[in-house]
Amino acid sequence: MTTRALLLATYGLLACTKVPTATRNGTCVVEIGAAHRLAGVLRNLILYEESYFADSVNYTSDLSVPQPWLGYPNGFDGGPGVDVMIEDVSAQGWRAIAVDPAKGVRCVLYIGVGPQEIAGVREGEPSCEAT
């Protein structure tokens, strides 16, 4: 194996283990840009939901609630080409899915305990896969 091939293989391995990437059937599919973007959307959603929780002592599935102090005067928006859905909302937590259909990447994240938990995913840590 040449030095260049070894470096590329090492980079690919590191990309799949150290940064948000997409996987398909357990195999890394390097979609670093799309996975990072969706992971960032979900991290921003954490701020949105926690801000809502601070006001109402509950989480929301309604992303149209304005929060201008966070920069969302018209509600939460994942950005162009990104679909964001919230499921299993309760006072104990929530689960969200962000999808970029054009890039073929889907990321999930959950906060709290109960039905919103996702097996194999750590709380508050986006997990991405190729669709």
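Let's start at the sulfurs. The torsion about the S-S bond of Cys107 and Cys128 is about 100°, so this disulfide is right-handed. Cys107 sits in strand E5 (residues 105-112) and Cys128 in strand E6 (residues 127-130), so the pair ties together parts 21 residues apart in sequence. The S to S distance is 1.9 Å. For the term, we call two cysteine sulfur atoms a disulfide when they lie within 2.5 Å.

Some ground rules. This is a predicted model, where local features need pLDDT of at least 70 and side-chain atom pairs count only at pLDDT 80 or more, while totals for chains, interfaces and linings use all residues. Numbering runs from 1 along each chain as its sequence is written, and side-chain values use heavy atoms, with hydrogens and water left out.

How many disulfides does a search of the whole structure find? It finds 1. Are its cysteines buried or exposed? Cys107 counts as buried, at 0% relative accessibility. Cys128 counts as buried too, at 9%. Our cut-offs: buried is under 20% relative accessible area, exposed is over 50%, and partly exposed is in between, with a 1.4 Å probe and protein chains only.

Now the whole chain. The protein chain has 2 helices and 6 strands. Along the sequence, the pattern reads α-β-β-α-β-β-β-β. These elements are DSSP runs numbered from the N terminus: helices are H or I with at least four residues, strands are E with at least two. Of the 131 residues, 37% are buried. The chain exposes about 7,400 Å², and carbon and sulfur atoms supply 55% of that. Those areas come from the Shrake-Rupley method with a 1.4 Å probe; for residues, only the protein chains shown count as cover.

Next, helix H2. What span should its 25 residues have? At 1.5 Å a residue, the answer is 36 Å, and the end C-alpha atoms are 36 Å apart, which agrees. The expected span is 1.5 Å times one less than the number of residues. Several H2 residues are buried, among them Ile32, Leu38, Val41, Leu42 and Ile46. Tyr48, Glu49 and Ser51 of H2 are buried as well.

Leu47 is also found in helix H2, residues 32-56. Leu47 counts as exposed, at 52% relative accessibility. Leu47, Trp69 and Leu70 make a nonpolar surface patch of about 330 Å². A patch takes residues with over 30% relative accessible area and no salt bridge; like charges are joined within 9 Å, and nonpolar side chains (Val, Leu, Ile, Met, Phe, Trp, Tyr) within 5 Å.

Now step off the end of H2. Most residues other than glycine have a negative phi. Val57 lies in the loop between H2 and strand E3 (83-90). Val57 counts as exposed, at 59%.

Asn58 is in the loop between H2 and E3. Asn58 counts as partly exposed, at 31%. Which residues does Asn58 contact, leaving aside neighbours within four places in sequence? They are Tyr52, Phe53, Ser90 and Ala91. Contact here means heavy atoms within 4.5 Å.

Last topic: charges. The structure holds 5 salt bridges. The cut-off is a side-chain nitrogen of Lys or Arg within 4 Å of a carboxyl oxygen of Asp or Glu.

Take Asp100 and Arg37: their side chains meet at 3.4 Å, N to O. The pair links distant parts of the chain, with Asp100 in strand E4 (residues 93-100) and Arg37 in helix H2, 63 residues apart. Asp100 is buried at 5%, while Arg37 is partly exposed at 35%.

Then Arg106 and Glu129, at 3.0 Å. Arg106 lies in strand E5 and Glu129 in strand E6, so this pair ties together parts 23 residues apart in sequence. Arg106 is partly exposed at 26%. Glu129 is partly exposed at 34%.

Third, Glu87 and Arg95, at 3.2 Å. Arg95 is buried, with a relative accessible area of 16%. Glu87 is partly exposed, at 32%. Glu87, Asp88 and Arg95 are linked in a network of salt bridges. Asp88 lies in strand E3. Asp88 has a positive phi of about 50° although it is not a glycine. Asp88 counts as partly exposed, at 33%.

That's the tour.
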